[in-house]
Amino acid sequence: ATLGQVARLAEAAGLRLEDFLPLARAALDDVARRGPEAALTGPVARGDWSTVARHLAALPPDEHAGYLGGVALALRLAGGDC
């Protein structure tokens, strides 16, 4: 489902899903090596809420639920509260 959202947003930006698959594979490899908590990166892991807000502002409204679901899961993994 997450990669479905990536495919939709990539297409809207004139890119292909295939452009993002190396990143997805690297993320899975990192989780396999380090575990989910240690492999977590991105604005939620850094507590960078201004970047999260900018992402939401850039996304179409019908993509907000998926993005916010990912934010909630990352926050849970990082040990924070939603």
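Me: What does Arg34 form with Asp30, and how far apart are the closest N and O atoms?
Reply: Arg34 and Asp30 form a salt bridge, with the closest N and O atoms 3.6 Å apart. Bear in mind that this is a predicted model.

Me: Where do Arg34 and Asp30 lie?
Reply: Both are in helix H2, four residues apart, which is about one turn of the helix. In general, an α-helix has 3.6 residues a turn, so residues three or four places apart point the same way.

Me: Is Asp30 buried or exposed?
Reply: Asp30 is buried, because its relative accessible area is 17% and the cut-off for buried is under 20%. Arg34, at 48% relative accessibility, counts as partly exposed.

Me: Which residues are joined into one network with Asp30?
Reply: Arg33 and Arg34; salt bridges with shared partners link them and Asp30.

Me: What span should H2 have for its 14 residues?
Reply: H2 covers residues 21-34 and should span 20 Å at 1.5 Å a residue. Its end C-alpha atoms are 20 Å apart, so the two values agree.

Me: How many salt bridges are there in the whole structure?
Reply: A search finds five. One of them joins the side chains of Glu63 and Arg8, at 2.7 Å from N to O.

Me: Why does that pair tie together parts that are 55 residues apart in sequence?
Reply: Because Glu63 is in the loop between H5 and H6, while Arg8 is in helix H1.

Me: Is Glu63 buried or exposed?
Reply: Buried, at 7% relative accessibility. Arg8 counts as partly exposed, at 46%. Apart from neighbours within four places in sequence, Glu63 is in contact with Gln5, Arg8 and Leu9.

Me: Change of topic. Which residues make up the largest nonpolar core?
Reply: There are eight: Val44, Val52, Leu56, Leu59, Tyr67, Val71, Ala74 and Leu75. H5 and H6 each supply at least two of the core residues, and H6 gives the most, with four.

Me: What does Leu56 touch?
Reply: Not counting residues up to four places away in sequence, Leu56 touches His64, Tyr67 and Leu68.

Me: Back to H6, then. Which of its residues are buried?
Reply: Tyr67, Val71, Ala74 and Leu75 are the buried residues of H6. They cover an arc of only 100 degrees around the axis, so they are on the same side of H6.

Me: What covers them?
Reply: The cover includes helix H1 (2-12), helix H4 (43-46) and H5.

Me: Which exposed residues are on the face of H6 turned away from its buried side?
Reply: Ala65, Leu73 and Arg76 are the exposed residues there.

Me: What comes just after H6?
Reply: Gly79, with a positive phi of about 90 degrees.

Me: Last one: what feature does UniProt place at residues 4-67?
Reply: The UniProt record, an unreviewed entry, gives "domain: DUF2520" for that stretch. Over residues 4-67 the chain is 70% helix and 0% strand, and the end C-alpha atoms are 12 Å apart.

Conventions. Residues are numbered from 1 along each chain as its sequence is written. This is a predicted model: local features need pLDDT of at least 70, side-chain atom pairs count only at pLDDT 80 or more; totals for chains, interfaces and linings use all residues. Side-chain values use heavy atoms; hydrogens and water are left out. Contact means heavy atoms within 4.5 Å. The expected span of a helix is 1.5 Å times one less than its number of residues. Buried means under 20% relative accessible area, exposed over 50%, partly exposed in between (1.4 Å probe, protein chains only). A nonpolar core is a set of buried Ala, Val, Leu, Ile, Met, Phe, Trp, Tyr and Cys residues joined through side-chain atoms within 4.5 Å. The arc is that of the directions from the helix axis to the C-beta atoms. UniProt positions are given in the numbering used here, feature names are shortened, and annotations may be inferred rather than shown by experiment. A salt bridge is a side-chain nitrogen of Lys or Arg within 4 Å of a carboxyl oxygen of Asp or Glu.
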